[in-house]
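Hi everyone, thanks for coming. Today I'd like to walk you through some charged side-chain pairs.

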Amino acid sequence: MSYSTPRSDGPPLLPIGQPLPGNAEPIERADAARNRALLLDAAQQLVREHGVAGLTMDAVAKRAGVGKGTVFRRFGNRTGLMLALLDHSEQKFQAAFMFGPAPLGPDASPVERLIAFGRTRLLDIEVEGDLHRAAEEKGRFGGGPYGLHKAHVVLLLRAAGVTGELPLIADTLLSTLSAALVIHQIAILGYTRAQIGDNWEWLVRRAVSPATQVE
């Protein structure tokens, strides 16, 4: 598999699934797009502060400083809001690892970027885990975003000098970032996000170690 990080004027970022209520139309007024982004940023802040249970139409309206009717008109209902938020979060993550600052973005070594990729993803899963797990259960785990994540990891592994079946290595690494697994590790097994992140870093460094390479 080959993959090159697109320029900022390259292909659009990949959404989680099919167009959803609250997603931007192909052509959308700039002010409408900004207002949608502000509402979703407010929703993301609420989830990070209070969990998914704190995500209500009333709470988003209050945080964004708009009327509740505006939120309902934009997203239809709470389910539409949650799905739009998941796409919003995913596209922010994609923008960060493709175009953002180091260590996640391009101006860092491949190993540093791989480590930052996992640690950043774990933060999203910890605070929005139920949304990510629901997406996986609906089969979106194998869709466009996962394909982009995998291509990105393959690219970084190759740049780090890793040999062997890189797509399989990427799948193995990414499996440890499954939302269902991470939620189980945190909620049931009692691990912290930092511990899981340290394990991700250990796996990455093992994958790029000369001792692990296949000639």
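This is a predicted model: local features need pLDDT of at least 70, side-chain atom pairs count only at pLDDT 80 or more; totals for chains, interfaces and linings use all residues.

Residues are numbered from 1 along each chain as its sequence is written, and side-chain values use heavy atoms, leaving out hydrogens and water.

By salt bridge I mean a side-chain nitrogen of Lys or Arg within 4 Å of a carboxyl oxygen of Asp or Glu. That rule gives nine salt bridges here.

Let's start with D58 and K68, whose closest N and O atoms are 3.3 Å apart. This pair links distant parts of the chain, ten residues apart: D58 is in helix 2 (residues 57-64) and K68 in helix 3 (residues 68-75). Helices, by the way, are DSSP runs of H or I, at least four residues, numbered from the N terminus.

Next, R121 and D124 form a salt bridge at 3.9 Å, N to O. Both lie in helix 5 (residues 110-137), three residues apart, about one turn of the helix. Are R121 and D124 buried or exposed? Both are buried, meaning under 20% relative accessible area, with exposed over 50% and partly exposed in between (1.4 Å probe, protein chains only).

Finally, R205 and E201 meet at 3.0 Å, N to O. They are four residues apart in helix 9 (residues 193-208), so about one helical turn separates them. Salt bridges with shared partners join R119, D198, E201 and R205 into one network.

Terms used:
Helices (H or I, at least four residues) and strands (E, at least two) are DSSP runs, numbered from the N terminus.
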